[in-house]
Each structure stands twice: as C-alpha cells, then as structure tokens.
Amino acid sequence: MKKLSLAAASVLAMPATFFFWASAPVLNESDYAYVMTHKTSNSSPAEAVSDAEAYSILTYNAGYASGLENNTGVEPDVQQRKANLEAIENLVAWLKPDVLALQEIDVGSARSYYTDQVDVLGRAGGFDQSAVAVNWDRRYVPFPYWPYSAQFGRVLSGQSISSRRPIEAHERIVLERPASNPAYYDAFYLDRLLQHSVTSLGGQRIHILNVHLEAYDEATRRQQARTVRSVYELLREDAPVLLVGDFNSTPPAATDQHGFAGYEDDFRSDDTIEHLLEAPGLQMAHTPETEALGFTYPSDVPVMKLDYVFYDSDSIDPVRARVVHEAGTASDHLPVWFEFRLK
C-alpha cells in the first residue's frame, strides 16, 4: 500500500479534528456548578406579592429568551432576543418570587449574544444569590439541522435557582442518558440535570429541586423520574421540598395524551408524572380548572402541560397556583407560579 501524501492525510484527518474540537468542553467539569451573588440597587430583599405569611416560587423554561423560534432553524435576531429577555425581566421584577427556578437559560452563548441571562434576571428580581448548573458546554452544536450557520458559536447554558436569601448548599446531579444515542450524537447532547439547592424562607431551611427531564426518549425519562423521586424521598426527611421544572410529560388526568395539532408527541404510555405522585407526600400544585389543566406549551396556543410545581404536603400548605401568561411568547413555554406556606 502506498503511503498517503501529507496533503491527503491532512484532508482525512480534518473530520476527526473538527469533531474533537467541536465536542470538547471549554470549562472544567468542576466549574459546572457555582453560586453567584447579584449586585442590585436594593438595600433589602423585595417584598413578595403574596401575603406576609406565604412564600412564592416561579418555575420557567425560559427557552434562552428565543421565543417561539427556540429549537428552530431561524437565525437569531438581536433585537427580538433583547425584547424577549426584557419581557422576562419585567415579569420577574413584577411578580417578585421568593425563589426563581429556570431551565434553558444561557450564561455565555453566541445565540444570546453572550449575555449572562441568570445575572440579568437575578438583578431584575432583586435576588441575593443564584445557583447555576451548566448542562451544555460546546463550541459547536449540530442543531437545529438547518441552516448550518446556526450550529456554530459557543453554547454555555443550563439551569438556575435564584433566592432572596443566601444559598446554603448546591449540587448538580446528572441524570441518565438515552442508551440508544449513537456516539457522535451523544458527544453533543446536553446533560439532563437534577439541580438541588438549599435556601431558607422565614428562617426555615427548604430544599429546591429543579429539573429538566429527557424530551425525546420515554424510557430514559421514566428512569430519570425514578432518580428524582429517590432524591426527593431522601431530602424530605431533612426539610420541606419543592420539586419544579420542565418534566416533558403530561399529567395523568390530561384528556388528550396524543394527537396534538402540529406535534408528534404521544404520552399514552408515559407514566412519569404518575410515578412521581406515588412518592410519599408529593402533590401537584393545581391550577384553576378554567386554565385547561394548566397548559404550558407552546406559549402562543398551549395544548399540553409540561411544566410543574410539586410540593411535599407533609411540610407545605398550598395557597394558590397559576400558569403565567404576562410574558407572552418570550419563551416557547409558559411559567408556573406557586404560593405556599411552610407548616
């Protein structure tokens, strides 16, 4: 066999070189979980909008403030992205939740023009601290599939928990990945996380669990739900627990489990939420019947509920809950608001 010329060898090496460059993380894994303190103009934490004895949490899949264009091939428009983020800022500043849990939030990505969205929203809401759990750290992401130009650019994003009181503990738990993922696909896949933070409300410690479960593989999502339930059951022995986030599953009581116009989602065999509700004390924060089971996706014409607040009923009393529409289509999801009292 003839030896390859230097030029030919270089050409053959290019795909492998690009693959390893594109899939290599920029940060060390030890930097994937951190707590930031926000510099705000508030001399003291803002008052919650609920009554003095109640506390509040807002959970929001912010979709990187990309609106209905999230996960599509539409080129990001700087003015639209700024307008979307401003709409979320205004919402957080108006509602003033005691705790804010975010999924799909950028802390340094080209698609959001390297804006640290956690810090922006943390300052807007007058929060003391935010815990960040990174789940995507790549120089290149081969998604959306078209146009190719949208695939280039640094992506640094994840989930966050913001609190009006200092965050006492924080951990990032990586959930199971689909076993069927081919190696090249898995190299660019985002980590599905269970983010756990401990803060205090009214002088009482409380555990906040913020999740974003698998969207495309039902068996993996079921495994992840079992992991989440195990963590919840362990933590509830220590202090009250709130479990929130994007579960990518419909509730057992949903009238429609498939056949959504424009969507291929089929939840007829998905028992993710049902399994979670079998955990001791765990209850779903129910929204008013008039809100059609609290549909949260898509944000323009919601047809399914994917976003939830769950609470430990042995240590937490619900006050009220609702799906929040005031930010419109700043994300492709709608947030969920929950007011509660600690027993």
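Which residues does leucine 58 touch, not counting residues up to four places away in sequence? In this predicted model, the list is Leu91, Leu95, Pro97, Val99, Leu100, Ala101, Val324, Pro335, Val336 and Trp337.

That brings me to the core. The largest nonpolar core has 26 residues, and those touching the most other members are Leu58, Tyr60, Ile88 and Leu91. Two or more residues each come from strand S2, 55–61, helix H2, 78–95, strand S3, 99–106, helix H3, 117–124, and strand S4, 129–140. The element giving the most is H2, with five residues. A separate core of 20 residues lies apart from this one, and its members include Ala225, Val241, Leu243 and Tyr308. As a general point, nonpolar side chains in soluble globular proteins tend to be buried together.

Glutamine 103 is in strand S3. Is glutamine 103 buried or exposed? Its relative accessible area is 0%, and the cut-off for buried is under 20%, so glutamine 103 is buried. What does its side chain contact? The side chain of threonine 59 makes a polar contact with that of glutamine 103, at 3.1 Å.

Next, the aromatics. Across the whole structure there are 14 aromatic pairs. In one of them, phenylalanine 18 with tryptophan 21, the ring centres are 5.8 Å apart and the planes are at 40°, so this pair is tilted. Both residues lie in helix H1, residues 6–23, and they are three residues apart, about one turn of the helix. Phenylalanine 18 is partly exposed, with 34% relative accessibility, and tryptophan 21 is partly exposed too, with 39%.

Another pair is phenylalanine 247 with phenylalanine 310: centres 5.2 Å apart, planes at 80°, and therefore edge-to-face. This pair links distant parts of the chain, 63 residues apart. Phenylalanine 247 is in the loop between strand S9, 241–246, and helix H6, 272–277, while phenylalanine 310 is in strand S11, residues 307–312. Both phenylalanine 247 and phenylalanine 310 are buried.

Going back to phenylalanine 18 and tryptophan 21, ring pairs join them with Phe19, Phe20, Tyr140 and Phe188 in a cluster.

Last, charges over rings. Where does the charged end of arginine 111 sit? It sits over the ring of tyrosine 64, 3.6 Å from the ring centre. Arginine 164 has its charged end over the ring of phenylalanine 127, 4.7 Å from the centre of that ring.

That is what I have for today.

Key:
Residues numbered from 1 in each chain as written. Predicted model: local features only at pLDDT ≥ 70, side-chain atom pairs only at ≥ 80, totals over all residues. Heavy atoms only, no water. Core = buried A, V, L, I, M, F, W, Y, C linked by side-chain atoms within 4.5 Å. Buried < 20%, exposed > 50% of the residue type's maximum accessible area, 1.4 Å probe, protein only. Helix = DSSP H or I, 4+ residues; strand = E, 2+ residues; numbered from the N terminus. Contact = heavy atoms within 4.5 Å. Polar contact = N/O pair within 3.5 Å; in protein donor to acceptor, adjacent residues only side chain to side chain. Phe/Tyr/Trp six-rings, centres within 6.5 Å; stacked < 30°, edge-to-face > 60°. Lys NZ or Arg CZ within 6 Å of the ring centre and 35° of its normal.
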